[in-house]
Amino acid sequence: MEILVCVKRVPDTAENEFELNGAGNDLDRDDLVYSVNEWDNYAVEEAIQIVDKVGGSVTVITVGDEESEEVLRREMAMGANNGVLLSDEAFEGSDGKGIAGILKAEVEKGSYDLIFSGAQADEGAGQVGGMLAAMLDYPYASLVNKIDKIDDKTIIVGREIEGGNQEMNEIQLPCVLSIQTGINEPRYVGIRGIRKVAKLEIPVKGASDLGIDAGDIGDAGAKTKRVDYFVPDMGDSAEMLEGSTDEIIGKLIERLKAKGGL
Amino acid sequence: MTDIFAYIPHNNGSAEDVALEYPAAAKKIDENAKLTAIVTGSGADLDGVANEMAKIYSEVMKVDDQALAYPNAEVVRNALVNIIPADAIVLVSHSTFGMDLGPGLSVKMDSAYAADIVDFEGVEGNILKMVRQELGGAVSTHVTADISAGAVITIRPGAFAPLDGGSASGTIMDKSGDAGDLSSKRKFLEVVEAEVGDVDITKSDVLVSIGRGIEDEDNIEIAQELADAMNAVVSCSRPIVDAKWLEKSRQVGTSGQTVKPKVYMAMGISGSFQHLGGVKGNPYIVAVNKNAKAPIFQVADVGIVEDILEFMPELTEAVSEL
């Protein structure tokens, strides 16, 4: 089973408080802590577990700048066998379809039975996996939180749907799946693990290596564009309780009594 | 004039709430847009929903096929591509189904894609301006889409003001014959219902709900002690279930339980829309979070910037002494 997992380097929501830059059109990125997208760790873990059972290899891939190499290396420290970095100035400003198109070009150079992505990343659109599948004419399922059975031709997966229910599907290979958190428990990666893979070669490929027309990708090819960032009007936001902890608790207990909480 | 098509999701013969929210969204895109509802499915359930929609929409298209009895996104996509004009705007709910359908549909229709839109700010030329959120709701962004070749847009459920019902007498057009090939390499098998847990969080008037701020499985006891003192029940957000610290039946959110307590104590919960989607009935929301910028403070009634691991034991003690 040859498995490709698409990953992304993103600002870590657990480690950052987000502020806008001086011009107000972007995040203040100077001190942001980046890490691998949380969903992607579950996708890589799932891929490794499948290969441990049925054999094959796991390749992690990302579209990004040279700093994205660190997330590939982290996933290789988890146990992915290969990494590929797709990087080119022409890729900058790509929308979801641009990214999916870049990935498609590399997918077609290989022979993958399964392609995973995280169910969503920092932008929260959850779009690249589904677009990639449609471009390749592969079947797709999003929000996969269970893989039940896999053989050479088919895979049985559970999708997370509303209300905690699970939708079971049988899908023909090759296919694309977006992986939801909670499907497994991603293994811990320590400094030693990272060191072990520090010297492994990670090929870097650009638009010409992939045979992509620069007009289809990047800012020029993007139909959907982000114009700016802003912090929404906090008009109806919470009454903030301030003072010493004792004072705060006093005020809170008063309110809880009035609202039926005590 | 813009042609807008709204895909109507339905369960057990009735349309989801978003069916009443599409009209407001469409109006915000273009006041004069022609809005058509599309309902796919099979048999009596489908007809019931189509009739219901004809009271709200002036035009309703229905596609009746056994292959559409369960909404398998891959099959629905095939039908929509054949029925909807390629340059139209298609609205889909940003639900687990919409996330399954939208991205691939936009590729097959060769149109722009925008996901999880919470507001529209009008069209200039061919450029539609929209609002969405990133980074789990921590920041908002304006995005634009070139809609000259159409667009597929998923809208956040609950983001647009619902109609109060309707009394239109719309036309229902049967498009079943135009749906084309509905075969798929993905076959729906069954829905496995959520397991019932030891505690029913939907029955409690007061919930002490914990999120990432609890930091460690051992700290859940601290929340349980507060819940005991308040005669409440402990619930949680998704990361706690992902980490297997509490059972799935304790999870509040669109992918977990929908709760309607009187008081909701959000302890160390950032407040993603998926989580808040499970909190209904307008409870009194108390948010405690050490991050003053956590989105939960935008929806809470009262907010406290503190570390829950220090705050909860003190609150427990104070409540116990009452």
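Domain bounds, as used here, come from an automatic or database domain assignment. On this basis chain B is divided into domain 1 (3-178) and domain 2 (201-320). The C-alpha centres of domain 1 of chain B and domain 2 of chain B lie 33 Å apart. The contact between them takes 5 residues from domain 1 of chain B and 7 residues from domain 2 of chain B, where two residues are in contact if their C-beta atoms, placed from the backbone, lie within 7 Å.

The structure is a predicted model, in which local features need pLDDT of at least 70 and side-chain atom pairs count only at pLDDT 80 or more, while totals for chains, interfaces and linings use all residues. Residues are numbered from 1 along each chain as its sequence is written, and chains are lettered from A and ligands numbered from 1 in the order in which they are written. The model scores ipTM 0.94 and pTM 0.94. The mean pLDDT of chain B is 96, and 100% of its residues reach 70 or more; pLDDT is the predictor's confidence in each residue, from 0 to 100.

Helices (H or I, at least four residues) and strands (E, at least two) are DSSP runs, numbered from the N terminus. Two strands pair if DSSP finds at least two bridges between them. An open sheet of 6 strands is built with parallel pairing in the order S13(A)-S18(B)-S17(B)-S16(B)-S14(B)-S15(B). Its edge strands, each pairing on one side only, are S13 (239-240) of chain A and S15 of chain B. Within this sheet, S17 (residues 284-288) and S18 (residues 302-304) of chain B pair in the parallel sense over 3 bridges. The bridge partner of B:Val288 in S18(B) is B:Ile304. H5(B) packs on the sheet and touches S14, S15 and S16 of chain B, its direction making about 170° with that of S14(B). Helix H8 (residues 245-258) of chain A lies across S16, S17 and S18 of chain B and runs at about 155° to S18(B). For these angles, axes are lines fitted to C-alpha atoms, for helices over the stretch in contact, and angles run from 0 to 180 degrees between N-to-C directions.

In helix H5 (residues 220-230) of chain B, the buried residues are B:Ile222, B:Ala223, B:Leu226, B:Ala227 and B:Met230. Seen down the axis of H5(B), these residues fall within an arc of 140°, so they line one face of the helix; the arc is that of the directions from the helix axis to the C-beta atoms. A residue is buried if 20 or more other C-beta atoms lie within 10 Å of its own, exposed if 12 or fewer, and partly exposed in between, with C-beta atoms placed from the backbone. The buried residues of H5(B) pack against S14 (206-210), S15 (233-236), S16 (263-267) and helix H9 (308-320) of chain B. Just after H5(B), B:Asn231 takes a positive phi of about 60°.

Positive phi values also occur elsewhere. Phi of B:Asn282, a residue other than glycine, is near 50°. B:Asn282 is found in the loop between helix H7 (273-276) and S17 of chain B, and is exposed, with 10 other C-beta atoms within 10 Å. A:Leu143 has a positive phi of about 60° although it is not a glycine. A:Leu143 is placed in strand S7 (residues 140-150) of chain A and counts as buried, with 26 C-beta neighbours inside 10 Å.
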